[in-house]
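Me: Can you walk me through the fold in this one? I'd like to go through it piece by piece.

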Amino acid sequence: MEHLTNQSIQTQFEKYLQSASDQDKEILSSILTNLQQKKDTSGSYLSALIKMETKSFANKQLEITIPINPIIHNSLDIVHGGITATLADSTMGTLVHRLLPEHQTAVTTNLSVQYIRPGKGSHLSCTASVTHQGKQLCVTEARVVDDRGKLVATANGTFMVIAKSK
């Protein structure tokens with residue numbers, strides 16, 4: 001990979017803007033805003049790019065939402081299935097992390113997503129719950145709904161509990 005300098009990035013940026021549509025500029029602005037906000041949090045770049053926001057955590061359930069915008073659309077102008085799967089996986093994984101002791105973490109070992117209807121509207125919300133919490137494995141389930149409360153997808157995830165690396 002080429003060594004990146006401020007000048008080379010500035011050149012790429014200016015070249016992109018020369019032929020960018022209004023929608024391209026809107027998306028780029030959103031990406032830059034989200035990346036700037038990422039600097040203030042410990043979340044992942046992906047979470048920042050798609051603007052995941054934790055809405056609630058109670059009774060061993062967690063809800064995360066994302067706004068629907070063109071950056072997460074597929075070629076049919078609906079939410080890309082991979083984004084829906086990422087939302088479900090992230091919500092279930094975050095829930096498991098919050099339930100584990102400080103010295104442990106978890107990684108996804110299995111993810112199954114069932115798509116019900118296209119992701120449309122202003123946002124998607126995912127609510128996850130734990131169906132089994134053992135010493136080595138946690139099993140979770142999730143529901144993804146649109147802004148009208150219509151079911152978009154369901155998911156099941158299995159997470160392996162591991163020690164946090166020091």
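Reply: What follows covers the sheet, the helices and the cysteines in turn. This is a predicted model, in which local features need pLDDT of at least 70 and side-chain atom pairs count only at pLDDT 80 or more, while totals for chains, interfaces and linings use all residues. Residues are numbered from 1 along each chain as its sequence is written, and side-chain values use heavy atoms, with hydrogens and water left out.

Me: OK, sheet first: what's the strand order?

Reply: Six strands make an open, antiparallel sheet in the order S1-S2-S4-S5-S6-S3, where strands are DSSP runs (E, at least two residues) and helices likewise (H or I, at least four), numbered from the N terminus, and pairing requires at least two DSSP bridges between two strands.

Me: And which strands are at the edges?

Reply: Strand S1 (53–58) and strand S3 (104–115), each of which pairs on one side only. From one strand to the next the twist averages 20 degrees, with angles running from 0 to 180 degrees between N-to-C directions of axes, which are lines fitted to C-alpha atoms, for helices over the stretch in contact.

Me: How many bridges hold S4 to S5?

Reply: Nine, with S4 and strand S5 (residues 137–146) running antiparallel; the two form a hairpin with three residues between them, and Ser129 has Glu141 in S5 as its bridge partner.

Me: Switching to helices, how do H1 and H2 cross?

Reply: The axes of helix H1 (residues 6–19) and helix H2 (residues 22–38) come within 9 Å and cross at roughly 145 degrees. Phe13, Tyr16, Leu17 and Ser19 of H1 make the contact with Asp24, Lys25, Leu28 and Leu32 of H2, contact meaning heavy atoms within 4.5 Å.

Me: And which helix lies across the sheet strands?

Reply: Helix H4 (residues 81–99) lies across S1, S2, S3, S4, S5 and strand S6 (151–163), at about 45 degrees to S4.

Me: Last topic: how many disulfides are there?

Reply: A search of the whole structure finds zero, taking a disulfide as a pair of cysteine sulfur atoms within 2.5 Å.
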